[in-house]
Each structure stands twice: as structure tokens, then as C-alpha cells.
Amino acid sequence: MSKTRLFTAPTQVEANRQADEWWAPQKGLCLIQRTQVAVGFGSSLAEKDQWAVTIHYEAENSN
């Protein structure tokens, strides 16, 4: 069964940094999917004030 971890931040770079810092030391997990979405207010992607990065993963031996 897959699990999900969500990271939000005011910028895309910061949300990705948080996700990378969490993912790097993880052992025994298999990445299923990673998404990044602008979720805040703003008329263009450059002006969005909130970003979300979601990591979907499962244990390597869960097959």
C-alpha cells in the first residue's frame, strides 16, 4: 500500500528543498510518484504564493 508525504512552502524551490531533505535519508522506500503544484494565489505561475510537493512511496518489499 502506498503512502504520501506532502510539503508546502511559499516558493517552488523551498517546497522541493523540503521534499529532497526528507527523501534523501529514507531507506527501504520506493518512489512511486512525485508531483509539484502551484496551490496559492497569483495570476501566473511566477506569482503563486504557495507550492505543494507530494511524494508517493511504498516500502521496497511491499510487492
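The following dialogue examines how terms are applied to the predicted model shown above.

Author: This is a predicted model, in which local features need pLDDT of at least 70 and side-chain atom pairs count only at pLDDT 80 or more, while totals for chains, interfaces and linings use all residues. Residues are numbered from 1 along each chain as its sequence is written, and side-chain values use heavy atoms, with hydrogens and water left out.

Reader: What makes a stretch of the chain a helix or a strand?

Author: Helices (H or I, at least four residues) and strands (E, at least two) are DSSP runs, numbered from the N terminus. The protein contains 1 helix and 3 strands, and their order from the N terminus is β-α-β-β. Helix H1 covers residues 12-23, and strand S1 covers residues 3-9.

Reader: Why is Ala 9 called buried?

Author: Buried means under 20% relative accessible area, exposed means over 50%, and partly exposed lies in between (1.4 Å probe, protein chains only). Ala 9 has a relative accessible area of 1%, and therefore it is buried. Its place is in strand S1. Of the 63 residues of the protein, 22% count as buried.

Reader: How do you know which residues Ala 9 touches?

Author: Contact means heavy atoms within 4.5 Å. Not counting residues up to four places away in sequence, Ala 9 touches Glu 14, Ala 15, Gln 18, Asp 49, Gln 50 and Trp 51. For the protein, among contacts with a separation of 6 or more, 58% are between residues 24 or more positions apart.

Reader: Why does Thr 54 count as buried, and what is it in contact with?

Author: The relative accessibility of Thr 54 is 14%, which is under 20%, so Thr 54 counts as buried. Thr 54 lies in strand S3 (residues 51-59). Leaving aside neighbours within four places in sequence, Thr 54 is in contact with Thr 4, Arg 5, Leu 6, Gln 33, Arg 34 and Thr 35.

Reader: Why is the pairing of Arg 17 and Glu 14 called a salt bridge?

Author: A salt bridge is a side-chain nitrogen of Lys or Arg within 4 Å of a carboxyl oxygen of Asp or Glu. The N to O distance between Arg 17 and Glu 14 is 2.4 Å, so the pair meets the definition. Both residues lie in helix H1, 3 residues apart, about one turn of the helix.

Reader: What makes Arg 17 and Glu 14 partly exposed?

Author: Arg 17 has a relative accessible area of 34%, and Glu 14 has a relative accessibility of 25%. Each value falls between the two cut-offs, and therefore both residues are partly exposed.

Reader: How do you know that Glu 14, Arg 17 and Glu 21 are linked in a network?

Author: Arg 17 forms a salt bridge with Glu 14 and also with Glu 21, the latter at 2.6 Å, N to O. Arg 17 and Glu 21 are 4 residues apart in helix H1, about one helical turn. The salt bridges link Glu 14, Arg 17 and Glu 21 in a network.

Reader: What makes the pair of Asp 20 and Arg 34 a link between distant parts of the chain?

Author: The side chains of Asp 20 and Arg 34 meet in a salt bridge at 2.8 Å, N to O. Asp 20 is in helix H1 and Arg 34 is in strand S2 (residues 29-38), 14 residues apart, and the pair links distant parts of the chain. Asp 20, at 41% relative accessibility, counts as partly exposed, as does Arg 34, with a relative accessible area of 32%. The structure holds 3 salt bridges.

Reader: Why is the pair of Trp 22 and Trp 23 called tilted?

Author: Rings of Phe, Tyr and Trp (its six-membered ring) pair if their centres lie within 6.5 Å; planes under 30 degrees apart count as stacked, over 60 as edge-to-face and the rest as tilted. A search of the whole structure finds 4 aromatic pairs. The ring centres of Trp 22 and Trp 23 are 6.0 Å apart and their planes are at 45 degrees, so the pair is tilted. Phe 7, Trp 22, Trp 23 and Tyr 57 form one aromatic cluster.
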